[in-house]
Amino acid sequence: MEKKISPADRLPVPVETITRRIFVIRGQKVMLDSDLAELYQVLTKNLNLAVRRNADRFPEDFMFQLTEQEAESLRLQIATSNVGRGGRRYLPYAFTEHGVAMLSAVLNSDRAVLMSIVIVRAFVRMRELLATHKDLAQKIEKLEAGQKHQASVIAVVATEVSNLAKHINKEFKKLREPRRRNKRRIGFYDRSEDEKK
C-alpha cells in the first residue's frame with residue numbers, strides 16, 4: 001500500500017531553509033514579512049496590504065512592527081540593504097507562528113496554504129530542537145559537576161600518593177645508607193665526647 005503524498009510534502013522549500021529565517025524578537029519566534037512574501041511568491045507590499053485590510057485578524061501576539069533598533073539589529077545580523085539604497089523604506093513586520101497560519105487565510109491562495117503548513121512545521125521543529133538543546137545543556141552541566149567532584153577527589157588522592165612516595169623514599173634512603181655501629185674505642189678517651197654525639 002503506497003503512502004499518499006500531500007501537496008505540502010512536495011514543496012520545493014525544505015524545512016531547514018525556513019528555520020534559518022526564523023528569528024527570536026521580543027522573546028518570540030517570528031518570521032519577517034519579506035521572507036514570508038518570498039516564500040508565498042508575492043510582493044512584500046502586497047502581503048502587507050492584505051494584512052492591513054484584515055488588521056482585525058492580526059492582534060499583537062500574531063504580528064507586530066519592529067522598532068528602529070530591532071530593525072537595525074536585524075539588518076546587521078542578516079545583512080539586508082540600507083534604507084535609501086533601494087532597500088526598505090518602512091519598518092518590517094514580524095509574524096509569529098499564529099500570524100503565519102492566519103496569513104494563509106488572508107492571502108487565500110493554494111501556495112499560501114501549502115507554505116503555511118511547511119512554515120508551521122518549521123516552527124514546531126525549531127521548538128523541538130530548542131527543547132532538545134535544553135536537555136543536552138542540563139546533561140552537560142551534570143557531567144561537568146561530576147567531573148569537578150572527581151577532579152577534587154583525584155587531587156586529594158594524588159597529594160596522598162605524593163606524600164606516601166616521599167615517605168617511602170626516605171625509608172629507602174635509610175636502608176641504603178650503611179649502618180654505623182657504635183664501636184667501642186679501645187684505650188683512653190674522654191666520655192664527654194660520646195655525650196656530644
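I started with Asp35, which sits in helix α2 (residues 33–40); helices here are DSSP runs of H or I with at least four residues, strands are E runs of at least two, and both are numbered from the N terminus. This is a predicted model, where local features need pLDDT of at least 70, side-chain atom pairs count only at pLDDT 80 or more, and totals for chains, interfaces and linings use all residues. Residues are numbered from 1 along each chain as its sequence is written, and side-chain values use heavy atoms, without hydrogens and water.

Is Asp35 buried or exposed? I found Asp35 buried (under 20% relative accessible area; exposed is over 50%, partly exposed in between, with a 1.4 Å probe and protein chains only). Asp35 has no salt bridge (a side-chain nitrogen of Lys or Arg within 4 Å of a carboxyl oxygen of Asp or Glu). Arg21 is the nearest side chain of opposite charge, 4.4 Å away; Lys and Arg count as positive, Asp and Glu as negative, and His and the chain ends are left out.

Next, the strands. I see β1 (residues 23–25) pair with β2 (residues 28–32) in the antiparallel sense over three bridges; pairing takes at least two DSSP bridges between two strands. Ile25 has Gln28 in β2 as its bridge partner. Two residues lie between the strands of this hairpin, and Arg26 takes a positive phi near 55° there. On to β4 (residues 93–95): β2 pairs with β4 in the antiparallel sense too, over two bridges. Leu32 has Ala94 in β4 as its bridge partner.

Last, I looked up Phe172, which is in helix α6 (residues 110–176). Phe172 counts as partly exposed because its relative accessibility is 44%.
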